[in-house]
Structure formats: C-alpha cells, structure tokens
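Open the model in your viewer and keep the selection panel at hand. The stops below go from a sheet to a set of charged pairs.

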Amino acid sequence: MKKIEKNLLIITITTIILILLLCCKAEATGTFSATASTSLEPNGTTNLSISTSGCAGQFSVKSSNPNVVSVSSTNTFVDGKSMDPGITLTARAEGTATITVTATDVVDDTLDYNQVTGSKTINITVKAKETPKPPDGGNTESNQGGNSGNTENNGNTTSKPPVTEPKFTSVSKTVYATGDINLRSTWSTSSSATKVAKGTELRLTGTSTEKVNGYVWYRVTYNGQIKYVVNNLVTEKKPEEKSNNTNLKTLSIENVELSPVFSADVLQYTGKINGYEEKEIKVIAEAEDTKSTVKVEGNTNIVVGENIITAEVTAEDGTKKTYKIILTNEKETTSLALQSLKIKDVDLKGFSPDKFEYEVSFKDLEKLEIEAIANEEGAIIEISGNENLIEDGEHLITIMVSSADGTRTVNYQIKANKLKQEAQNIENKLNIKNIIIYGAIALVILVLIILLIVKYVKRK
C-alpha cells in the first residue's frame, strides 16, 4: 500500500513539472542593432546597416520626416549581416529626421523560435556646408586695424603689423552696383558700411595700385561722400532697366458689350449675358508691354447671377495692376405657376395657370383634398387652410408654389364656402317633397294604365 502511494506521489510531481515547463515560455535570446551616418548634406546618401545576433526575420524602417530624409524601402529581411533588400537613406532638405527600425516578424535561433521584439532609432541631421561670404561689406572678415593677434611658432601672441593705406590711381568713370552691396567708409572690410541697391550709379574716382588682403579697391563717390568698394562688385555696363508697364492693350469678352468702353486707365467694367449655360467664357486680355504677363481668373465657372472676372497684369519689374469685370448672367426662365389644380368631390371651375383666385362651395366635408401640380421640376407646393373645416361659412385656402432654388414664389387662393346646416335641411325637405309629388303622379299614371288594360281585356 505504501509503495502504491509513493508511486502516485512521483507521478503527480512529474506531471506538475511537465505542466510548468509547457506553460513557461523561454525569453528570446536574439538581439539586433542599426547604424547609419548621422550627418548628411542635402542630396547626400548613406546606407542603413541592420545586424542581428542569434535571430533573423523581417524589419520595418520608417522616417519621421520623409521630406528631410527618405528611405528606399520600408521593409527588409535580415539574417545575420545580410539584408534583402539593402536600404539607402537620402537627404532631401535641411533639418532633422529620426529613422526607426522595428522588429516586425523576427525569431531567435533556439528550438522554441521565440519572438524578438523592440526597435532602434537613429537621429540624422541634414545641413548644407557653410560657404565663405564675399567681401561685400556685410561681415567683418579681418581686422586690419592691428587689434587681432597672430600666434607664432613659440606660442606667444604678437600684433599684426599695421597695413598702410594703398595708393590710388585717379580715374573718372561712371560705374554701377552689380547687386545689393555695401559701400565702405575706408578700404577695409571691417569699416562701417552703407548699403545700396543693385544698379545704383556711382562715380569712380580712383583704383588701388595693389591688392589689400587679396582685393583691389575702388574709391567712389556716393551722395557727395567718398566710399570704397571691392572692384568686382561694380561694373561699367549700365544695367538694363526693367519695365514697370502694367497697362492692358485690350480687354474684351466674346459677344459681350463692356461698359464703359475699354481704356487702359479704367480698372472696372460691367457686362451682361442672357441664358449662358457654358461653364467657361473666353476673355481677351493683352498687355501693352510684351514683357508683361497677364493672368485671367473667374472666367472658368460662370453661374447664374453675378460673376467677378479679373485680369492681373504683372510688369517686368514685378509691379502689378488688376482689371475687374462684373459679368451678370441673366438666365431666361419660364414663369413659375401651377399647371393643374383639382379638389376631390368639389367642382372647381375655370382653372388657368395665370388665374390666382377661385371660389367653390361644398358640404359635409371637414377637409378638402387638393391636388396641385407645378410647371417646374423640383418646385415646392405648400397648401394651408384646407383642414379642420368644421364651421359653416367661408374658408380661405392658400396654395404657395416656390422654385427649387427658393428665389421665386407664386400664390393661389381659394375661397371655399361651406353650406350651412339649415340650408341643407331645407334642401333635403324640398327634395323629399319633390319625391312625394313626383311619386304620386307616377302612381296615378300607373293606376290609369292598369285600368285601361283591364277594360281592354274585358272587351275582348
């Protein structure tokens, strides 16, 4: 007996252990990593590398800002260091983007094939290379006054030798700024500056005979003051002045008379069209200057009613002017009306679509069932006053017809007279009396006919 109990105990313990082993899932042992260049220039590329250890499977790749850094593929299969397909990251614009690599269907290489999860991120910055600014006076490139130091081989800092003023050869020419430039108070890029616009006319009075810090300087006069500028920032060729002509040469609409008559100085016009059903109408707008451009808007969706059409003229120098046409589309429509009107069990006489008032009489009815049909599709018909006709006498019934768009309405009225009960009783009595009289006459005639027939039979 004790031996049986011992065997049962062993079997029970073994079963519990097996159940625990089956229920417990081993943790995944595989890992992965992702690497790529974290700094790129616009249009630059880098390869994304995903490495796995003790696992393999499918990974997803996403960019937080595809406009800054885009990915060539959003999914790849990685087995060890092998990636299919390989993924290229491309810099599109300056900024920052985060590349996220996520294990979507990855298992380790154990017998249980445990699922590997998680994600890795790479922050990538896209920035253009800095280019040295030209010596236009906008920034101080060097201090030629002798304040900055120079480190020699022995590590001691000594002052630069002062730069003497260059010699200038006298000239007398007219020159022009090649762009928006700075004129210096001296021949140094660190001196105070006066900004002038492209094409500004200057008087050249001298040129330096040698270069200073690698530049040839010009001495010019501007607004009666002596200024200095690097030689490649001015030119002797007078820039061609851009036209500011924003006038129209013609403005018209086919088969439409505009008011007033077109003039380049008049900016607003009106016109009318009747029953125009096309969506687009042709507008002719030609600029006086062939270098100016004209943009017409508002002529591609013509509706019934008022339409605003504009013609914007942009001159060569960017100056703008807008002409406006107020075009009214008066669409022809038929008059709104009823095409039929009927009342159940009541005689309505003389109906006509252009007749708007009627009179009827009725009895023993508390509601008049009216059938009204409009002459336009989608029209709305509202009838009021035709119910609860309990009281004797006159009742006013109104039939309102509205167009589908709600812009037009027309009303019809019916004066409905309900006969009084006394009048009905009198009429009923008269009817009974007539029936008795006519019945008596008919009876007398019938008796006479019978007598004549009997008399005739006796004779026979």
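**Stop one: the sheet**

Select Leu48 and look across to Ile87 in β8, which stands opposite. The model is predicted: local features need pLDDT of at least 70, side-chain atom pairs count only at pLDDT 80 or more, and totals for chains, interfaces and linings use all residues. Residues are numbered from 1 along each chain as its sequence is written, and side-chain values use heavy atoms, with hydrogens and water left out.

Now widen the selection to strand β3 (residues 45-53) and strand β8 (residues 87-91). They run antiparallel, joined by four bridges. Strands here are DSSP runs of E, at least two residues, numbered from the N terminus. Two of them pair if DSSP finds at least two bridges between them.

**Stop two: the charged pairs**

Side chains of opposite charge can pair when their charged atoms come close. A salt bridge here is a side-chain nitrogen of Lys or Arg within 4 Å of a carboxyl oxygen of Asp or Glu. The count by this rule is eight.

Select Glu254 and Lys282. Their closest N and O atoms are 3.8 Å apart, in a salt bridge. Glu254 sits in the loop between β21 (248-253) and β22 (268-274), and Lys282 in the loop between β22 and β23 (283-287), so the pair ties together parts 28 residues apart in sequence. How accessible is Glu254? Its relative accessible area is 41%, so Glu254 is partly exposed. The classes are buried under 20% relative accessible area, exposed over 50%, and partly exposed in between (1.4 Å probe, protein chains only).

Next, select Glu330 and Lys272. Their side chains meet in a salt bridge, 3.8 Å from N to O. This pair links distant parts of the chain: Glu330 is in strand β26 (residues 320-330) and Lys272 in strand β22, 58 residues apart. Glu330 is partly exposed at 37% relative accessible area, whereas Lys272 counts as exposed at 57%.

Finish at Asp347 and Lys349. A salt bridge joins their side chains (3.8 Å, N to O). Asp347 counts as exposed, at 52% relative accessibility. Lys349 is exposed too, with a relative accessible area of 62%.
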